[in-house]
Amino acid sequence: MTRYAMVIDTKTCVGCTDCVDACRMENDVPAGLCYDWVVEATSGTYPDLSTEFRSERCNHCSHPTCVEACPTGASQTWNASNIVVVDATICTGCKACIAACPYDARLIMMPDGYIGKCTFCVQRVAKGLDPACVSVCPARAMYFGLPDDPGSEVGRLLATRDWYTLAPETGNQPNVYYLR
Amino acid sequence: MQRRDFLKLSATLGGGALLGPLAGCAREAAWQRMMQAGPAKVSRTVCNMCFWSCAAEMHVQDGTPWKITGNPDDPHCAGRLCTRGTAGLGAYYDPNRLVKPLLRVNRGGGQEFSVVRWDDALDFTAGKLQKLAAEHGPDRVAAMVHGAGAAHFAHLLRAFGTDALAEPAFAQCRGPRDTGFFLTFGQGISSPEQTDMENARCVVLIGAHIGENLHNSQVRSFADAIRNDATIITVDPRFSVAAGKARHWLPIKPGTDIALLLGWINVIISERLYDPGHVARNTLGFAELAGYIAPFTPEWAYGETGIEAARIRETARIMALHAPATVVHPGRHAVWWGDDTQRARAMAILAGLLGVWGAKGGYYLAERVAVPDYPTPAYPVPKSSWRDLTLKQFPLAGAPVTNVLLDDMASDAPHYRALLVYSTNLPMTMPNAPAQLARAAQKLDLIAVSDVQPSEMTGFADVVLPECTYLERYDALRNEDERDPCIALRAPTLPVLGESKPGWWIAKQLAERLGLHAYFPWGDYSQVLDWQLQRLGSSLSEMAQVGVKHFARQTPPYFTPGAPQEFKTPSGKIELYSETLAAAGFDPLPRYTRHAERPEGFYHLNYGRAPQHSFSRTQNNPVLYQLMPENLVWLHPLAATAFDIKDGAYIRLVNQDGVVSNKVRVRVTERTRPDSVWLVHGFGHTAQGLELAYGRGAADSSLITRVPCDPIMGGTAMRGNFVTFRKEAAA
């Protein structure tokens, strides 16, 4: 399996939500919906504070419970990789995948009714491009690539920086990493 | 912005569409369609979602505008547009855009706008101007403008015979900064700011909230500084995004920045942390400064600012340790307390002592391209100048002051009798402007407004001249002070919607009606651009391909270390002590003044920017609206508890003069100082034509009613206002 990962540096992320915007424009996301979103986490009391911004989305898990839960095969991985996509033409909108996703990263595409989600911009990845969110980030806080290749930038970052993933305890093996 | 907001929104949008099981969707998902799509058609332009003017690329897929991305060859954006630039198509498609000329008419005892033909709108405007010129002289016209398209109207009005062309960018924004740096270094700070953050070892931000202030290359180079592990020192009463990136956040008491700056200068001088060779070679007035600064110890500064003396010493030593690779960031919106030029002077003196100007990691030396002017006749000398009124009040104002002009127009016997407004929403930009404009509207012979949307300003217009968006027009070449000199071209990338027209067309049409053909001796503005480009060794067709063209620097970006430096001040040196200020009757060294204390039960009203919006211009953009539909007022938990206000509740803010805001949602957060509230500027629109933005959030500008002016240059100080809270009945 080719494993793609997104690495997001919370040290330089300024929480500007340009990633959300770029995703909307690139993927023609309908008004009111979004495939990615930004969480602000502030801790402490004035003036001893810290704030972290996290651009969140589908984690394109190596063990994707959503794909396993899908009764029609609409939720599937793309081209022997970990990139999870939904084939709208065979999606029945049953929402089993929504229940199976630990990240609340799937949504009902109104008005069509199929399930939508972040695809890591698979149409761009297929051309060797970064996902739209990564390529727009004005702080250059986002990286995309092959983490198992030690020569890749994401591989180097994960080898040299302290990182965490969201909800690793689920066993889904998420592939969106946050650098501290 | 939390994802829950989106889900709530989606529930609203999808209300009523209860879904039964599908047998598979009839359409493929977007990713499936895009997998099979051919290449998009790409054309190049320059963004105008804010004034940073990043070079951009419009992608049109199968005839449908798809997305706008950054031009990778552009130093302003490096291929990455910001949140607003990415949402540029929202401005194009905004259903509330102005697409037809409007004329104020009397009807049924009231007034209303009537849709008219362009000829009617232009004839009306030119007729009023001609009548005014005949009766009073053409110099009695004033204009207030903003942005790249302002050049067309400035050219028109200078040709007509007036020089009263003011930008809120001066007296409501950068003026004090640029004046303070001009007095010290002989030139102001440029835009883009020449802060060499990518090479800095230390970055000092004083109220500048980079990150929330999403000036593209500023954010990029600030992030570079973080990546390079430069020491960030952020001074802000609020735990801003930039404060969150800082090793040293100094949560200063509002209004005491000059005290902190004097304390820092005191440490640097008393501990001899400066380079004596640099000070001797390149500065003037060090002895006066050293004598003056002695009493302003960190212990003294602590009493004013609340920042411990030890932290003032420590941060001053860090700045000096890394100097000259220390960016003392000049900030941008600088009209705070009325002594703002003096605060900018204190920042410039600090930077001057540290040898930052012209140093790698400090302020690089900017250059611009010598773009020739298209040949037109010389402008007539106006019979009166903006200086006549302005310099009497503000002797060192280096540019026309909007508030001086507006005060005049609202007076009993105004000198200026007509006002042209281009692309600036004065009622939300200038404090107290709605009342002033209402008075002026009773006196003036003409208020003409050109804008792309039905803003609060258009409500005061006699005639509305609808401009098309930046995506549909040519503008003057982008040519700014840069690290790497370059030009960029705004060119039409999409068909013009409705009857809206480019600014250059509107200006030319007026010129022709005013007998000023000779100043617009071309058919289409693209001819002017091509003429200029040919003389720069390029052409319109080349620029259509590249979007940005680079030119070699003529001089190095930094001074040679150790060599004498030349400044454009009267003395040729960095003027720590300013004879110019002394001669004009001002403090030659910056004086700290205590500002108004907050009344019991009131809180400092602080305001700023969000990365999703520009001024009051973008709240109705349907794409940006989704990211940030309203502003929130930030309350510290102690304030919220004192007033029994819950997070998420709607309240109204009431200022010290009893002015009540629109209702605004509360965010209870530790990130604001217990004595201060904060909200994002630009919300609380009252223009009903902006259907998304109307009535959403509160306008800080409506609560800023105490506005002392900077006596040196006329800037309107907007920070000395205070609010308390009025609870809204539950909806």
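## Domains and contacts in a two-chain model

In chain B, 19 residues of domain 1 are in contact with 22 residues of domain 2; contact here requires C-beta atoms, placed from the backbone, to lie within 7 Å. On the side of domain 1 of chain B that touches domain 2 of chain B, α7 (168–185) and α15 (340–353) of chain B each supply at least two residues. Helices (H or I, at least four residues) and strands (E, at least two) are DSSP runs, numbered from the N terminus. The centres of these two domains, taken over C-alpha atoms, are 28 Å apart. Domain 1 of chain B spans 176–366 and domain 2 of chain B spans 603–727, with bounds from an automatic or database domain assignment.

A word on the model: it is predicted, so local features need pLDDT of at least 70 and side-chain atom pairs count only at pLDDT 80 or more, while totals for chains, interfaces and linings use all residues. Residues are numbered from 1 along each chain as its sequence is written, and chains are lettered from A and ligands numbered from 1 in the order in which they are written.

Now to the chains: their contact takes 56 residues from chain B and 57 residues from chain A. On the chain B side, α8(B) gives the largest share, six residues. Here are two sides by class:
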